[in-house]
Amino acid sequence: MVSVPRLVIAAPASGSGKTTVAMGLMAAFAERGLDVSPHKVGPDYIDPGYHALAVSSPARSGRAVRPGRNLDAYLCGPERIAPLFLHGAAGCDLAVVEGVMGLYDGAAGQGELASTAHVAKLLRAPVVLVVDASSQSRSVAALVHGFASWDPEVRVAGVILNKVGSDRHEELLREALGESGVPVLGALRRVRAVRAPSRHLGLVPVAERRAEAVESVAALAERVREGCDLEGLLALARSAPPLADPPWDPERETAPARGGAEADAGGARPVVALAGGAAFTFSYAEHAELLTAAGAEVVPFDPLRDERLPPGTAGLVIGGGFPEVYAPELSANEPLRGAVAELAAAGAPMAAECAGLLYLARSLDGEPMCGVLPAEARMSERLTLGYREAVAIGDSALAAAGTRVRGHEFHRTAVEPGAGPEPAWGLVRPERRVEGFVQGGVHASYLHVHWAAMPDAAVRFLAGCAPRSG
């Protein structure tokens, strides 16, 4: 049994302010010297970047910065949520889990699956409901009562009132909620929004505006300190019961695919280059952990700045991000584009998701890219968004033919053609089509998958990494 103080920050609907409140709470507690573990419900990559920034207070000097981690019951399966949480939160003083959409909104047409409420139940965690109170007074009690009583297994244990107009408005709201049985743990005034610029896929990632993001997070922490009962929230977090699940362990997860073999401590570990920097910010922390457990030396690099791949690169992982914003700069780095093309021609395994797919194409909005794939990429007017079920069409660096996966698409770009002679995936739900490219060691697709649900992918990928010099 493992005890982890924890809170889930939820809301009745998107736009209520749960992201700003969650970040403010993370930062406020971190400033007090607490080791805060940040988590996000759902597949979102951008919010976890802000979460990692929020918990990296100087007050925690000497402690490693925790990455923001995702808890997605659709991508990873409900049975892995508590283990993944315990892995990420190991040794923390407090875990804060930011929800997704409205509290009870989950995967379309699949009931509670992957909703904030579902994850809160799996974690046995108290829920704090962030309510936009800007256009109501007494009605807030009916709203909170409805959310608190809808599912008896979801413990809505506190409310934070957001966008409160005045002292009198706050008094009316507190009076209305006085008989609800759900305590008010904070009231935040209606103020000019802390600057958090957005574009076609949501917030601009931290990596693109770090100095401004630091200021924004500090402002959110100040708002939360002034308006929230931090002691009450911490006491609520500490009331969460112990969890009986074993923590997720990448070593244990990869052992079956490794055949139980122990890594040779004296042998050379194949270098797997992991794209990062401002153009490639979408990556789940567990991917690198699984590759490391499988025997790789994972080395980050920045395609905007580095003209060479890391020395000895034997495999390449390029996750999601915003190459469309940096197409001219990526194109101008001709030495690196050439190195990527050479690595692909040598048969090295490459896993490219979404942004990585665009980078490996011939061109992106007319700018030359790596030319690994016979495809052209461009910005599109259409937003493609949603969960997918898929099956591997043939054998690849990531999966054997017939492997079934769950993934997520999130892009406003298009690739022509949408699939190669050997597609990466056959999508089976919610629509049927083939998608992506398998070409030599390259696996490129728009589909984001979470390797925690398919840990043998890391071992399979590493098996194709022949030692290389240079």
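Colleague: Which residues of S2 are buried on one side, and which on the other?

Modeller: First, the ground rules: this is a predicted model, where local features need pLDDT of at least 70, side-chain atom pairs count only at pLDDT 80 or more, and totals for chains, interfaces and linings use all residues. Residues are numbered from 1 along each chain as its sequence is written, and side-chain values use heavy atoms, with hydrogens and water left out. Six of the six residues of strand S2 (residues 36-41) are buried, so the rest of the structure largely encloses S2; buried means under 20% relative accessible area, exposed over 50% and partly exposed in between, with a 1.4 Å probe and protein chains only. Both faces are covered, with Val36, Pro38 and Lys40 on one side and Ser37, His39 and Val41 on the other.

Colleague: And which residue in S4 stands opposite histidine 39?

Modeller: Strands (E, at least two residues) and helices (H or I, at least four) are DSSP runs numbered from the N terminus, and two strands pair if DSSP finds at least two bridges between them. S2 and strand S4 (residues 94-98) pair in the parallel sense over five bridges. S2 is also joined to strand S3 (residues 69-71), in parallel, by three bridges, with histidine 39 opposite arginine 69 there. In S4, the residue facing histidine 39 is valine 97.

Colleague: Which strands are at the edges of that sheet?

Modeller: The sheet is open, with seven strands in parallel pairing and the order S3-S2-S4-S1-S5-S6-S7. Strand S6 (residues 156-164) runs parallel to S7 and is joined to S7 by four bridges, and leucine 161 has alanine 187 in S7 as its bridge partner. The strands that pair on one side only are S3 and S7 (184-189).

Colleague: Moving to the helices, how are H1 and H9 oriented to each other?

Modeller: Axes here are lines fitted to C-alpha atoms, for helices over the stretch in contact, and angles run from 0 to 180 degrees between N-to-C directions. The axes of H1 (residues 18-31) and H9 (residues 230-238) come within 12 Å and cross at roughly 95°. Angles under 35 degrees count as roughly parallel, over 145 as roughly antiparallel, 65 to 115 as roughly perpendicular and the rest as oblique. H1 and H9 are therefore roughly perpendicular.

Colleague: Which residues in H9 do Leu25, Ala28 and Phe29 meet?

Modeller: Contact means heavy atoms within 4.5 Å. The three H1 residues meet Leu230, Leu233 and Leu234.

Colleague: Which members of the largest nonpolar core touch the most others?

Modeller: A nonpolar core is a set of buried Ala, Val, Leu, Ile, Met, Phe, Trp, Tyr and Cys residues joined through side-chain atoms within 4.5 Å. The largest one has 123 residues, and the members touching the most others are Phe85, Leu161 and Leu233. H1 gives the most to this core, with nine residues. A second, separate core has 39 residues, among them Leu343 and Val372. For the largest core, then, the names are Phe85, Leu161 and Leu233.

Colleague: Last one: is glycine 319 buried or exposed?

Modeller: Glycine 319 lies in the loop between strand S12 (313-318) and helix H12 (327-332). Leaving out residues up to four places away in sequence, glycine 319 touches Phe280, Phe282, Glu353, Ala355 and Gly356. With 11% relative accessibility, glycine 319 counts as buried.
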